[in-house]
Structures are given as C-alpha cells and as structure tokens.
Amino acid sequence: MVQINKFRIRNSIRWRLLWAPWQDLDWQLLFLTVGLTIFGAVMIRSAAIDNGGNYWVSHLLIGSIGLFIALFIARSRYHSLIQWHWVIYAITNLSLIAVMMIGASAKGAQRWVTIGGFNVQPSEFAKIGLIITLAAILHKRPATTIPAVIAALAVTILPWALVFGQPDLGTSLVFGAITLSMLYWANANPAWLLVLISPLVSAIVFSLSSPAWYTWAAVITLIAFLSLPWRWLGALGTLVINLVVGPLGKVFWNLLKDYQKDRLTLFLNPDLDPLGGGYHLIQSRIGIGAGQLWGRGLNQGTQTQLHFIPEQHTDFIFSAIGEELGFVGCLCILLALWWLCLRLVLIAQNAKDNFGSLVTIGVLSMIVFQTVINIGMTIGLAPITGIPLPLLSYGRSALLTNFLGLGLAQAVANYRQRLKFQ
C-alpha cells in the first residue's frame, strides 16, 4: 500500500511539473480559440465541399500548427521581445519589400511570397511585428506627449506604406486601427487622435458636401485649439491640413484600383452593378436573409452549395453561417467572438507591465476591427475590403497570425502577477 501511494504521489508531481509552464493560462480564451477554429473548418467544408474540397483539412492543419506555436509562446517570457523589437521591425519591413520584388500577383495585387510551394502573405505577419514594435516603444515612452505620438506614427508609416502599395487596402486599414487603439491605451489624449484622423474625414466629407466639409474643418480646428499644445499654431496647422487634404482626396481616390473603388462605393447601392462590383454583396445578403431564424441546415444552403457567393470559404464565410445556421447561428458566433475579446480586455487590464498590456490591446484591436469590417461587409454595412473573419475564414497566413497574436496574449496572462479574474 505504501508503494502504491508513493507511486501515485510521484505521478502527481510529474503531472504538475508537466503542466506547470501553462498553469496560469487563460483557459477560457484557449477553448474559445480552438472551438472557433474547429467551427470554421466545419463551415469551410460546407462552403467549399464541391470546390477544392480539402480547404477545411488545411484549415485544421494550420490551426493545429498555430496552437502548438501559441502554447510554446505562452510559456515563453514575452518581456524578451522588448530588446528584440527593432530586429522584429526590420524583418517585418524586409518581408514586405520582398513581396514587392519577388511576390506573386493575383487579382491586381502583389501580396504573396511563394515558399516551399506555399503562398505566404507577409502583410498578415506584419500586424504582429507592428504590435510588438509599438508596444515596446509606448512601454518606454507613453503617448502622453505629442513627440511620443509622432514617434509611434513614424514607426507605423513605413510598413503601412509598403502594404498600401501592394495594394492591400484592407490590411492597411487594420494597421491604422491597431495604431490608434494602442495610442489610446498608452494614454494619448482622445482629442489628439480625433485631430489625427481628421484629414481622412475631410477627404471623404469634401466629396459629399461642401457645407459639411467647411463645418467639419471649423469643428476640428476648435478641438485642436482646445487640446493641442501651442494652441494657435496647432489650430492653424490643423485647419490648413484639412483644407488642403479635402480637395486632394480626389487625387488619392484616383490612385486606387478600379475594383477597390467599386468595393468602397457599391456597398451603398450594389444594384448599380449587380453583375459586377455589387454581385458579392447582393448574393451575400440573399444567403443571410434566406437563413431566417434557424437556417436551412448544414450543407443545405442553396446560395452556399451552388456557389453563388464568391470567396464564400474565405472573406464571405459569415454568409454561409447565416444561410445554413440562421440568425441563431450568427448570434452564437458573435457571442463567442465577444467573449474572446472580453478575455483579452481582462488580460490587458491585469497584465504585470505596460508592454504586456499594450501587446494584448494590439491583438484585441486587430481581432475587433477585422470582425466588425468582415461581418459589416457581408450584410452591406461596410465596404468590401477583403478582410478575413478571425479564426473562421480560410487563409493560412491569416489563421497563423491570429494564433501568434493570441499566443502572445496567453503569455501575458501566464506571466501576470498572481491576480486571478473570473
């Protein structure tokens, strides 16, 4: 009996030592990540069962690899990334330059590098590189001053420009969302961030209404006067920039590809080009509407199974969910994604240092922005920008990037101070 007890104790100790590196993981976040990935594979199989067939297998395979990498990252001390952030930043930009030089082209864009027979999209991994770099910079120098904000923007502008020039409008918008969110979390004045994005608003409003444009320029100038240092100089600079950028919006508009212009405008009225630029959205809305409350059943959707919806296993996976699982299925997915984001917020709040908190917020903003834009574009509330739905859409580089980001968040949770949250 004594020997049996010793054996049990020895096995118990070994088991504890085995799991010790992951004892403080956020298990809810882990289960949500794995669950959404598996569910994504189920829907990908349904959406592409007669068109390629094995996308779902690849999704699960990459998800398994991503899970292994995420668990490895989770047991690693993320603080060491601070001293390597410039190396990571350099690798990020070099990979984006490599795309422009030797990248493969498809659908008017040059976004992929072929490695070992697989197409790798460096712009996806660049999101993680940008998050780490910004977190390291804002950790050392919080965005409480204008020079600190400018330093963070200077870091962002190079990878943003390289991605925008591919052209990859969707990912460049994600870069902007990540930067603004991390600046806000690093205690940047919200009024400064509003002034920062004001030229973009001016360019859009100028094309819609001149009186509205003048009103916006006046309002944002007043905000700049009340919030920026050197009030008169800051207000004058803000006014001049908005007045100049407004008309220049048409110049930037002409730099976009024709298909990008269609994606940005036809969501307002897709019936203007029902067989061209508006086709995706029309078919997507038909499919989601046909699902009604409970859906038509897995593998039973006519829009999905007859492939009326282009790219339904990638960017438009939510359309397949809406048709086959209905409003209830869509609501469950939204609740799962909301829960996942809530766990990230809690991790950021309870992180042991600013660097870990900022990294987690960067990952959160990446997931939230992509989720909102992807679902919005499938129901006609946002332009079609080619942004995948996190963990659910087919896309090897995108899925692996999500696991890398969530792995970093798990590392922050695993090495936080012994502060438990439910």
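Colleague: Which helix holds G326?
Modeller: Keep in mind that this is a predicted model, where local features need pLDDT of at least 70, side-chain atom pairs count only at pLDDT 80 or more, and totals for chains, interfaces and linings use all residues. Residues are numbered from 1 along each chain as its sequence is written, and side-chain values use heavy atoms, leaving out hydrogens and water. Helices are DSSP runs of H or I with at least four residues, strands are runs of E with at least two, and both are numbered from the N terminus. G326 lies in the run of residues 317-349, which is helix α14.

Colleague: Is G326 buried or exposed?
Modeller: Buried means under 20% relative accessible area, exposed means over 50%, and partly exposed is in between, with a 1.4 Å probe and protein chains only. The relative accessible area of G326 is 1%, so this glycine is buried.

Colleague: Which backbone nitrogen does the side chain of S397 reach?
Modeller: S397 sits in helix α16, residues 396-414, and counts as buried because its relative accessibility is 8%. Beyond residues up to four places away in sequence, its contacts include N119, V120, E124 and F125. At 2.9 Å, the side chain of S397 reaches the backbone nitrogen of Q121.

Colleague: How are α3 and α16 oriented to each other?
Modeller: Axes are lines fitted to C-alpha atoms, for helices over the stretch in contact, and angles run from 0 to 180 degrees between N-to-C directions. Helix α3 (residues 55-74) packs on α16 at about 25 degrees, with the axes 8 Å apart. The contact includes S58, H59 and I62 of α3, and R396, L399 and L400 of α16. Angles under 35 degrees count as roughly parallel, over 145 as roughly antiparallel, 65 to 115 as roughly perpendicular and the rest as oblique, so α3 and α16 are roughly parallel.

Colleague: And how are α14 and α16 oriented to each other?
Modeller: The axes of α14 and α16 come within 10 Å and cross at roughly 45 degrees. Here L340, L344 and I347 in α14 meet L406, A409, V412 and A413 in α16. At that angle, α14 and α16 are therefore oblique.

Colleague: What is the phi of N187?
Modeller: Most residues other than glycine have a negative phi. N187 belongs to the loop between α7 (169-185) and α8 (190-208), and counts as exposed because its relative accessibility is 56%. N187 is not a glycine, yet its phi is positive, at about 75 degrees.

Colleague: Where is W230 found?
Modeller: W230 also has a positive phi, near 50 degrees, in a residue other than glycine. Its relative accessibility is 64%, so W230 counts as exposed. W230 is found in the loop between α9 (210-227) and α10 (231-255).

Colleague: To finish, what percentage of the protein's residues count as buried?
Modeller: The protein has 16 helices and three strands. Of its 422 residues, the part that counts as buried is 50%.

Technical notes
Polar contact = N/O pair within 3.5 Å; in protein donor to acceptor, adjacent residues only side chain to side chain. Contact = heavy atoms within 4.5 Å.
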